[in-house]
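Thanks for coming, everyone. Let me put the model on the screen and walk you through it.

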Amino acid sequence: SVYIQVRRNFLTPMLLAFDYPLPISTRGQRAVSTVPSQALMMMNNQFIARQAEAWARREIQRQPDPRARIESMFLRAYGRSAETSELDEAHRFLQRQSKRYAASSNPDDIRVWTDLGHVLFNSAEFIFVR
């Protein structure tokens, strides 16, 4: 986050996991690390889960076609079109999740699309800018 209120005694755990510079230093230089706690934060953080669900709801409303919805999610997450192999893999993932939730009759099950959004959030391509 570029603009965020910082309280020295109440630092945001999410930002700390991603090497947030301490506000007590006069030069806020960000260290670079990749540690398991970062992946765990992205997988288990309630804010991330809520954002994945909100994103899924928006995409379901915007795109009636599931394949176009997948393409839209890739474009929004990565700023590029999905490759054919990625589209196929995402479609298989959605099918597996539908079976997991016993929601095979409803292609717009919010849980299935939330899971796809969560997967996209947790990819290295989403987290690290090239």
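Start with three rings: W55, F121 and F126 form one aromatic cluster. Rings of Phe, Tyr and Trp (its six-membered ring) pair here if their centres lie within 6.5 Å; planes under 30 degrees apart count as stacked, over 60 as edge-to-face, and the rest as tilted.

Some ground rules before we go on. This is a predicted model, so local features need pLDDT of at least 70 and side-chain atom pairs count only at pLDDT 80 or more, while totals for chains, interfaces and linings use all residues. Residues are numbered from 1 along each chain as its sequence is written, and side-chain values use heavy atoms, with hydrogens and water left out.

Back to the rings. The structure holds three aromatic pairs. Take W55 and F121: their ring centres are 5.2 Å apart and their planes sit at 20°, so this pair is stacked. W55 lies in helix α3 and F121 in helix α6, so the pair ties together parts that are 66 residues apart in sequence. When I say helix, I mean a DSSP run of H or I, at least four residues long, numbered from the N terminus.

The cut-offs: buried is under 20% relative accessible area, exposed is over 50%, and partly exposed is in between, using a 1.4 Å probe and protein chains only.

Now F74 and Y78. Their ring centres are 5.5 Å apart with planes at 75°, so that pair is edge-to-face. F74 and Y78 are four residues apart in helix α4, which means about one helical turn separates them. F74 is buried, and so is Y78.

Next, helix α6, residues 110-121. It has 12 residues, and at 1.5 Å a residue they should span 16 Å; the end C-alpha atoms are 16 Å apart, so the two agree. That expected span is 1.5 Å times one less than the number of residues. How many of the residues of α6 are buried? Nine of the 12, so α6 is mostly covered. Among them are V112, W113, L116 and L120. The buried residues of α6 pack against α2 (36-44), α3 (46-62), α4 (66-78), α5 (84-100) and α7 (124-127). Contact, throughout, means heavy atoms within 4.5 Å.

Stay on W113 for a moment. Leaving out residues up to four places away in sequence, W113 touches A56, I60, P66, R69, I70, M73, L94, P107 and D108. The charged end of R69 sits over the ring of W113, 4.6 Å from its centre. For that label, NZ of Lys or CZ of Arg must be within 6 Å of the ring centre and within 35 degrees of the ring normal.

W113 also brings us to the core. Of the 23 residues in the largest nonpolar core, I70, F74, W113, L116 and L120 touch the most other members. Helices α2, α3, α4, α5 and α6 each supply at least two residues of this core. By nonpolar core I mean a set of buried Ala, Val, Leu, Ile, Met, Phe, Trp, Tyr and Cys residues joined through side-chain atoms within 4.5 Å. In soluble globular proteins, nonpolar side chains tend to be buried together.

Helix α4 deserves a look of its own. Its 13 residues should span 18 Å at 1.5 Å a residue, and its end C-alpha atoms are 18 Å apart, which agrees. Its buried residues are R69, I70, S72, M73, F74, A77 and Y78. They pack against α3, α5, α6 and α7. After α4 comes G79, whose phi is positive, near 70°.

Last topic: charges. The structure holds 11 salt bridges, each a side-chain nitrogen of Lys or Arg within 4 Å of a carboxyl oxygen of Asp or Glu. One of them joins E59 to R76, with the closest N and O atoms 2.8 Å apart. This pair links distant parts of the chain: E59 in helix α3 and R76 in helix α4, 17 residues apart. E59 counts as buried, at 0% relative accessibility. E59, R62 and R76 are linked in a network of salt bridges.

Another bridge runs from D109 to R111, with the closest N and O atoms 2.7 Å apart. D109 is buried at 8% relative accessibility, whereas R111 is partly exposed at 37%.

R96 bridges to E89, at 3.6 Å between the closest N and O atoms. R96 is partly exposed at 44%, and E89 is partly exposed at 36%.
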